[in-house]
Amino acid sequence: GIVRYHDKAAAQTILAEIQHLIKSLPFSFGNFHILSAQELGSFNWITANYLDGRFIQQGNNHPRVPFIFQRTLGALHLGGVSAHIAFTPKRNVKKFGTPATVKLYGKNYKIYAYSFHCYGRYEAERRYLVNLYQASEAKTTYESPCWPSGYNKTVSMDDLFGSLCTASKRPANYKPDDEITFKGTGNPAKCQELVYLLFDFEACAGKSYCSFDGIYMPKIRGKFMAFSGFYHISRALRLPTSFSVTSFSETLLSFCTKGWAELKFILPDDKDCDIRQYCFDGFLMHTLLIHGYKFSPIRWKKISFMETVNGIHVKWSLGYMLSITNTIPQEIEEIRSKISTTTFQIVLSVFVGTGIISILVICKLML
């Protein structure tokens with residue numbers, strides 16, 4: 001996603017190599033293109049609503065009684081590189097940009113979908129560390145208030161500035177192999193302040209329907225499903241599927257004051273890199289939802305934080321395949337309706353998995 005957004009030439013090169021590889025296989029393939037950020041947001045939205053049964057028509061078989069379509073869910077995805085939001089707004093999106101149009105099961109949906117690049121968990125933390133470094137470049141050890149006390153980490157300059165999200169901030173004396181050390185201090189108040197500074201809220205000053213960085217976003221409405229990074233943060237904090245913003249804030253504050261040894265004890269199965277980052281992630285989530293997406297305390301309660309629905313993981317790939325299969329001939333649709341939902345999802349997973357493996361192979365060959 002980050003290559004697609006920041007380096008279109010490199011993205012097209014990768015795509016050409018993938019096309020060459022796949023076309024050499026003994027299968028018939030159609031056209032190829034790189035999924036846009038809007039498409040990814042739309043596919044997340046399709047997945048969430050499909051798994052939650054929102055596309056099922058309600059009504060009866062009487063010809064004079066119309067079917068009633070259920071109100072759809074909004075989708076919140078927090079990845080490593082980007083944060084995605086997608087929902088069906090009440091306001092006319094066309095006045096401010098081109099909406100994503102999805103047609104599923106005979107109904108058209110106009111969706112607001114946007115991907116905030118460099119606001120994913122890993123890239124946002126990288127930008128946070130760069131800001132700590134730039135505050136005083138003469139040091140070799142820096143205090144990190146978002147990391148727990150007792151945790152230290154030495155990183156290279158390439159770790160900080162090797163990403164397209166931070167490359168523009170490289171210092172004049174940049175040397176990729178130089179190393180610096182960050183020392184956790186466990187200061188939640190300071191952490192919250194520094195995370196807030198990662199967002200450009202001033203760019204929305206005086207603008208209506210604006211999230212941050214000057215990006216238009218209509219008012220949110222209805223219920224939302226939050227998954228991927230959002231779910232993993234709530235799981236680490238031992239929170240249920242739904243909870244209030246007050247409960248979240250209090251739990252996060254308590255979590256962020258715990259030392260490294262205690263966190264390792266209460267999260268024995270989590271990776272060190274995740275444990276050290278959960279406090280930062282929590283404030284990223286809070287700032288993004290409250291200040292960025294404008295979830296009020298009441299609307300926050302309408303968010304369900306989930307990893308799976310009926311045992312199926314919530315991922316954009318399922319939404320992609322549902323979108324594609326929705327356009328195939330009606331007779332094949334009838335065949336699909338005769339197999340179980342679980343079987344259909346397994347078939348989709350195998351198909352998507354095969355494509356992902358092909359992409360990984362070609363990317364490995366290009367390194």
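The part I have in mind is helix H7, together with what lies around it and elsewhere in the chain.

Reply: This is a predicted model, in which local features need pLDDT of at least 70 and side-chain atom pairs count only at pLDDT 80 or more, while totals for chains, interfaces and linings use all residues. Residues are numbered from 1 along each chain as its sequence is written, and side-chain values use heavy atoms, with hydrogens and water left out.

The protein chain holds 15 helices and 13 strands (DSSP runs numbered from the N terminus, helices being H or I of at least four residues and strands E of at least two). Of its 367 residues, 45% count as buried (under 20% relative accessible area, with exposed meaning over 50% and partly exposed in between, for a 1.4 Å probe and protein chains only).

Helix H7 spans residues 229-236, and because six of its eight residues are buried, the helix is largely enclosed by the rest of the structure. The buried residues are Gly 229, Phe 230, Tyr 231, Ile 233, Ser 234 and Ala 236. They pack against strand E3 (74-78), helix H4 (121-135), strand E10 (224-228), H8, H11 and strand E11 (303-305), where contact means heavy atoms within 4.5 Å.

Ser 228 belongs to strand E10 and has a phi near 55°, a positive value in a residue other than glycine. Just after H7, Arg 238 takes a positive phi of about 60°; this residue sits in the loop between H7 and H8, and at 53% relative accessibility it counts as exposed. For comparison, most residues other than glycine have a negative phi.

H11, one of the partners of H7, leads on to the largest nonpolar core, in which Leu 76, Ile 85, Leu 289 and Tyr 293 touch the most other members of a set of 67 residues (buried Ala, Val, Leu, Ile, Met, Phe, Trp, Tyr and Cys joined through side-chain atoms within 4.5 Å). Helix H11 (residues 278-292) gives the most to this core, with nine residues. Setting aside neighbours within four places in sequence, Tyr 293 is in contact with residues including Leu 76, Phe 116, Phe 212, Met 217 and Ile 220.

H8 is another partner of H7, and Lys 258 lies in the loop between helix H8 (245-256) and helix H9 (260-266). With 19% relative accessibility, Lys 258 counts as buried, and it touches Pro 148, Leu 263 and Ile 266 when residues up to four places away in sequence are not counted. The C-alpha atoms of Lys 258 and Cys 279, 21 residues apart along the chain, are separated by 9.9 Å.

Elsewhere in the chain, the axes of H3 (residues 37-51) and helix H13 (residues 316-325) come within 7 Å and cross at roughly 90° (lines fitted to C-alpha atoms over the stretch in contact, with angles from 0 to 180 degrees between N-to-C directions). That makes H3 roughly perpendicular to H13, a description covering 65 to 115 degrees, with under 35 roughly parallel, over 145 roughly antiparallel and the rest oblique. Thr 47, in H3, is buried at 0% relative accessibility, and the residues of H13 in contact with Thr 47 include Trp 316 and Leu 318.
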